[in-house]
Amino acid sequence: MSTVDQKLAELILYVASACEGDESFGSTKLNKILFLCDFLAYRKLGAPITGAEYHALPHGPAPRRLLQVLSALEQSGAMKIRSQKRFGYEQKRPLALREPDLSHFTADQIVLVNHIIRGLWGRSATEVSELSHRFWGWQLAEEKEVIPYGLALLAEDAELSERGKKLADELAEYAAKLTATDAS
């Protein structure tokens, strides 16, 4: 497993473990949490947490190698995916079967991950997906195209369409809320 895949695997285990008590946590929410962790870390800390490539899919951004990493975690016995019905839909719930190796992460990265998890706690997969859809990098990317991390840095004064500016502003507001909770 590459270093990026290893970091992604350990972050998946950490998020799955931290979200164990959140009934709304499933694979869709995992995708969006991972995306927000990496892109907001790039914006706030200057580098993504895992360095994984994210591509635009019809229902939002996702790590390009997510399925391979999840499969490796399952094959190694570190994780299992439990299927259950939730509101008439099948929820695929990742369950960590071992503790994550946090040596791959800095304290600032873990603090950011924890703030994102707290901010999304109890929100449905649909709500979390809609939040990731506000990121105009996903909006502008072609299907399966890699979303560059640098798009997380664009501010309101970047040369964007009015729609792009509105989406960038909404993401910036969300990042500011996370930063505000960081101070408390």
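**Note on the predicted chain**

1. Surface. The accessible surface of the chain comes to about 9400 Å², and 51% of that belongs to carbon and sulfur atoms. Areas follow the Shrake-Rupley method with a 1.4 Å probe; for residues, only the protein chains shown count as cover.

2. Basis. This is a predicted model, with local features needing pLDDT of at least 70 and side-chain atom pairs counting only at pLDDT 80 or more, while totals for chains, interfaces and linings use all residues. Residues are numbered from 1 along each chain as its sequence is written, and side-chain values use heavy atoms, with hydrogens and water left out.

3. Fold layout. The chain has seven helices and four strands. Along the sequence the pattern is α-α-β-β-α-β-β-α-α-α-α. These elements are DSSP runs numbered from the N terminus: helices are H or I with at least four residues, strands E with at least two.

4. Packing. Of the 184 residues, 44% count as buried. Buried means under 20% relative accessible area, exposed over 50%, and partly exposed in between (1.4 Å probe, protein chains only). Among contacts (heavy atoms within 4.5 Å) between residues at least 6 apart in sequence, 70% join residues at least 24 apart.

5. Largest pocket. About 870 Å³ of space lies in the largest pocket. The lining has 31 residues; Ser-27, Thr-28, Lys-29, Asn-31 and Ala-125 lie nearest the centre. A pocket here is an open set of points on a 1 Å grid over the protein atoms alone, where a 1.4 Å probe fits, with protein on both sides within 12 Å along at least five of seven lines; lining residues have an atom within 4 Å of a point. The volume is the space filled by probe spheres set on the points, which are joined across faces, edges and corners.

6. Lining. H2 gives the most, with five residues. Elements supplying at least two residues each include strand E3 (79–86), strand E4 (89–96) and helix H5 (125–133).

7. Thr-50. Thr-50 sits in the loop between H2 and E1. Thr-50 counts as buried because its relative accessibility is 3%. Its side chain makes a polar contact with the side chain of Asp-38 (2.5 Å). A polar contact is a pair of N or O atoms within 3.5 Å; within protein, one must be able to donate a hydrogen and the other to accept it, and residues adjacent in sequence count only if both atoms are side-chain atoms. The Thr-50 side chain also reaches the backbone nitrogen of Ala-52 at 3.0 Å.

8. Tyr-42. Tyr-42 is in helix H2. At 22% relative accessibility, Tyr-42 counts as partly exposed.
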